[in-house]
Amino acid sequence: MTASVESLPGERIGLVKSMARGFVCRCPHCGEGKLFGKFLKVRPACDACGLEFHHHRADDLPPYVVIFIIGHIVGYFILELETNYDVPLWFQLSFWPIVTLGSALALLQPVKGAVVGLQYALGMGGFATLPTGPSVAIARSEEVQLGPSDNPTPGLGRA
Ligand SMILES: [Zn+2]
């Protein structure tokens, strides 16, 4: 028996844990496989447990959540500096857009992962069905063409 996959097939993981796994860009079901292939591009399926990701519907929720979080943090500090300190305008106009853009780009993928984890935990859409066993993961990993950096042993799995 393989002990690499922590969760049993057919057993759904709780909301907080699956969202936390998605936030660190891992599969919400097993916590082993990668959730993203490229920046913001969700993989078709988990290469460790076989859970299908392609039917997720994160859509516009991750940007809304990121705007909500960063707007409150950056907005607070802009107001704080403006009211309590004598900060030059050039600093305000150059510093905050960079901070806002950088933190938005840094948060967008983890938040999208958490949203996919949320959909998985609630069984939304295609997440109603869970992978049936390790054989599914093996079959899926052979179907899905991965990039060279994703395959630890080049040449294998590329028939
Ligand atoms: Zn998985």
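These are my notebook entries on one predicted model of a protein chain.

**Entry 1: the overall layout**

I began by listing the secondary structure. I found four helices and two strands in the protein chain. Reading along the sequence, I wrote the pattern down as α-β-β-α-α-α. I then looked up burial: 29% of the 159 residues count as buried. For contacts I took those with a separation of 6 or more, and residues 24 or more positions apart account for 61% of them.

**Entry 2: the core**

Next I asked which residues have the most contacts inside the largest nonpolar core. They are Cys27, Cys46, Cys49, Leu51, Phe53, Ala114 and Val116, in a core of 23 residues. I checked which elements give two or more residues to this core, and they are helix H1 (15-23) and helix H3 (89-121). The largest share, seven residues, comes from H3.

I picked Val116 and looked up what it touches, leaving out residues up to four places away in sequence. The list for Val116 is Gly22, Pro28, Leu35, Val42, Phe53, His56 and Ala58.

**Entry 3: helix H3**

I stayed with H3 and looked at its length. H3 has 33 residues and spans 46 Å from its first C-alpha to its last. That is close to the 48 Å expected at 1.5 Å a residue.

Where does H3 bend? I noted the bend at Leu108, by about 30°.

I then went through the buried residues of H3. Among them are Gln109, Val111, Lys112 and Gly113, and also Tyr120 and Ala121. Ala114 and Val116, which I had already listed for the core, are buried in H3 too. I also wanted to know what covers the buried residues of H3. The cover includes H1, strand S1 (36-38), strand S2 (41-42) and helix H2 (61-84).

After the helix I noted Gly123, which follows H3 and has a positive phi, near 65°.

**Entry 4: the annotated regions**

Last, I looked at the UniProt record, an unreviewed entry. Its annotation "transmembrane region" covers residues 61-78 and 90-108. I compared these ranges with the model. Residues 61-78 are 100% helix and 0% strand, with the end C-alpha atoms 25 Å apart. Residues 90-108 are also 100% helix and 0% strand. For residues 90-108 the end C-alpha atoms are 28 Å apart.

Technical notes
Residues are numbered from 1 along each chain as its sequence is written. This is a predicted model: local features need pLDDT of at least 70, side-chain atom pairs count only at pLDDT 80 or more; totals for chains, interfaces and linings use all residues. A residue is buried if 20 or more other C-beta atoms lie within 10 Å of its own, exposed if 12 or fewer, and partly exposed in between; C-beta atoms are placed from the backbone. Two residues are in contact if their C-beta atoms, placed from the backbone, lie within 7 Å. A nonpolar core is a set of buried Ala, Val, Leu, Ile, Met, Phe, Trp, Tyr and Cys residues joined through C-beta atoms within 7 Å. UniProt positions are given in the numbering used here, feature names are shortened, and annotations may be inferred rather than shown by experiment. The expected span of a helix is 1.5 Å times one less than its number of residues. The bend at a residue is the angle between axes fitted to the seven residues ending there and the seven starting there.
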